[in-house]
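Okay, thanks for coming, everyone. I'll take a few minutes to walk you through one protein chain, so let's get it up on the screen.

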Amino acid sequence: MGKNQLSPDYIFEASWEVCNKVGGIYTVLSTRAKTLQDTNKDKIIFIGPDFWKETVCPYFQEEKALFADWQWEAKEQGISVRVGRWDIPGKPIAILVDFNPYFEKKNEIYTWLWESYQVDSLHAYGDYDEASMFSYAAALVVESFYRHYLDASKKVVFHANEWMCGLGALYINQRVPEIATIFTTHATSIGRSIAGNQKPLYDYLFAYNGDQMACELNMQSKHSIEKQTAHHVDCFTTVSDITARECVELLDKPVDVVLPNGFENTFVPKMPAFTRKRNLARRKMLDVANALLGENLSDDTLIVSTSGRYEFRNKGIDVFVEAMNRLLRDRDLKKKVLAFIVVPGWVGEPRQDLKERLASKQQYDTPLEVPQVTHWLHNMGHDNVLNMMKFYDMHNRREDNVKVIFLPCYLDGKDGILNLSYYDVVLGNDLCIYPSYYEPWGYTPLEAVAFKVPCITTDLAGFGLWANKVFGHAGEIQDGVKVIHRTDYNYSEVADIIKDTVAFYSGLSQKEIEACRKNAEALSKKALWSEFIQYYNEAYDFALRRAEERKQASAK
């Protein structure tokens, strides 16, 4: 903590992704937890949704004796919780709450929300109700715990992540004003929606009216809870400078503190395990490709990939395919390229014909039918990746120097084809490519460089902007990260730069490649949580001071 900074005695942090691995926020929270545990041992308490009830949650270890007296009291109050530890480095305390009982009070809760904060829940659909009921339940947990164990002499912070936890932050704000509130938007719901609906976000950002766009895109309720939470909490935060600009324009509220997403590199294997795991990953990726294509790609093949959520435009998957198509005809390419698109699609099952080839361990000289995909999809005819490849006549022919393979499943080590975890697959790459159009931060490039894999990203990703700031110039691949300038309209130019960068990298000597890899790793160490936790300390201080002012004002 800095000089004279207020530090919390207790931190409660609520998120839909506590003990629930569904997206990037899980990585933010689970990697940061150890750093917070080191400084606030068992005073950081995470609150997540209890989907598992009586079944075993793979990320949670229940401890019935933990806060046993309060657990009994919460039960008497009608709050159903399970208390234990999140099974991640640091093993922080986690409370899982059953939010289903609150659906019957939904209209009453939404009426209170409208009357107190003018949040419009009338247009709710999809996941809005589920998220709101969880958020309400999480706030009840904090209120009950606070009244049981704590009082106004303790400095307490409630940290809500994303619009999904906004209702809880507003509840705490009104019902337990002694608690300081922090709200983090990891991406504005309306900004993501504008970008996802093929509208130009950046050139017109100054002209967009968030409320108007929410009506146009049928996002009124999510936008409303996000905006009102941003305006009413003690400290409003986001994850990058680029999203901070969105908040000013679309939520009409400047952020108080920017909280960049850090990383914990404890699970990056040490030597010699690192080399062993990298060699194994490369072997498996080449084996899958050779069985699918009926070829014999050598270990000298340049393995590249893109990954992330299946947001075809926002994550730059479209421009990745475009770049690989152009690379097919590039005369400067010095090696064969094997490009994987590792994006979970509407996956059906692992291909039986591919499994059989892999099990036989034979060398085949004819490709399988549809040699672009490892798993059958439910919507083969409507899949964006496969349709774009079909449009460009990218059929992974023997004479093609660039082969593109779609791996459309979640890599948990049990996908039936590669059977490797995501991090093991990243480890096997020579180059990772993430040409995002909309990316508030960007964990994928940060994860790549942590595994010494140089990468290509854009300055529309928070991570890309941060890397440029660290380098003092636009990142080049020799720095470990190539940061491409991306706008609303330079898609074609971005594809060309990716193509040229891959071709350039294919001609580097082993010594030059090692230098790139070393620089990538060095940059990742500047993004460790030990470096970034200072921004959280700043946010805690900011929120606690605001809560203190409120306490003093009400005492007068």
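Let's start with a helix pair: helix H11, residues 317-327, packs against helix H17, residues 491-506, at an angle of about 55°, and the axes are 8 Å apart. Keep in mind as we go that this is a predicted model. So how do H11 and H17 lie relative to each other? At that angle they count as oblique, and H11 passes H17 in a right-handed crossing.

Now the residues that touch. On the H11 side you've got Asp 318, Val 319, Glu 322, Ala 323, Met 324, Arg 326 and Leu 327. Over on H17, they meet Tyr 491, Ser 492, Val 494, Ala 495, Asp 496, Ile 498, Lys 499, Val 502 and Ala 503. If you sort that contact by residue type, you get ten nonpolar, one polar and five charged.

Helix H15, residues 443-450, and helix H18, residues 510-525, have their axes 7 Å apart and pack at an angle of about 120°. Oblique is one class, roughly perpendicular stops at 115 degrees, and H15 and H18 are therefore oblique to each other. The crossing of H15 past H18 is left-handed. H15 brings Leu 446, Val 449 and Ala 450 to the contact, and H18 brings Ala 520, Glu 521 and Ser 524. By type, that contact of H15 with H18 comes to four nonpolar, one polar and one charged.

Okay, zooming out. The protein chain has 19 helices and 17 strands. Along the principal axes, its C-alpha atoms fill a box of roughly 80 × 50 × 45 Å. And what about the radius of gyration? A compact globule with 556 residues would come out near 24 Å, and the protein chain has 24 Å, so the two agree.

On to the sheets. One of them is an open sheet of nine strands with mixed pairing, and the order runs S3-S4-S5-S2-S1-S6-S7-S8-S9. At its edges sit strand S3 (60-62) and strand S9 (257-258), each pairing on one side only. Inside that order, look at strand S6, residues 156-161, and strand S7, residues 180-185: they pair in the parallel sense over five bridges.

Which strands are at the edges here? Strand S10, residues 302-307, pairs with strand S11, residues 337-342, in the parallel sense over six bridges. A handy one to find is Leu 302, whose bridge partner in S11 is Val 337.

Last bit, the backbone, for anyone who likes checking torsions. Most residues other than glycine have a negative phi, and most peptide bonds are trans. With that in mind, where is the cis peptide bond? Look between Met 271 and Pro 272, where omega is about 0°. Pro 272 lies in the loop between S9 and helix H10 (273-293). The other spot is Gln 118, which isn't a glycine but has a positive phi of about 55°. You'll find Gln 118 in the loop between helix H3 (106-117) and helix H4 (128-149).

That's what I had, so over to you for questions.

Terms used:
Residues are numbered from 1 along each chain as its sequence is written. This is a predicted model: local features need pLDDT of at least 70, side-chain atom pairs count only at pLDDT 80 or more; totals for chains, interfaces and linings use all residues. Side-chain values use heavy atoms; hydrogens and water are left out. Two strands pair if DSSP finds at least two bridges between them. Helices (H or I, at least four residues) and strands (E, at least two) are DSSP runs, numbered from the N terminus. Axes are lines fitted to C-alpha atoms, for helices over the stretch in contact, and angles run from 0 to 180 degrees between N-to-C directions. Angles under 35 degrees count as roughly parallel, over 145 as roughly antiparallel, 65 to 115 as roughly perpendicular and the rest as oblique. A crossing is left-handed if the near helix is turned anticlockwise from the far one by less than a right angle, and right-handed if clockwise. Contact means heavy atoms within 4.5 Å. Ala, Val, Leu, Ile, Met, Phe, Trp, Tyr, Cys and Pro count as nonpolar, Asp, Glu, Lys and Arg as charged, and the others, Gly among them, as polar. The radius of gyration is taken over C-alpha atoms; the globule rule is 2.2 Å times the number of residues to the power 0.38.
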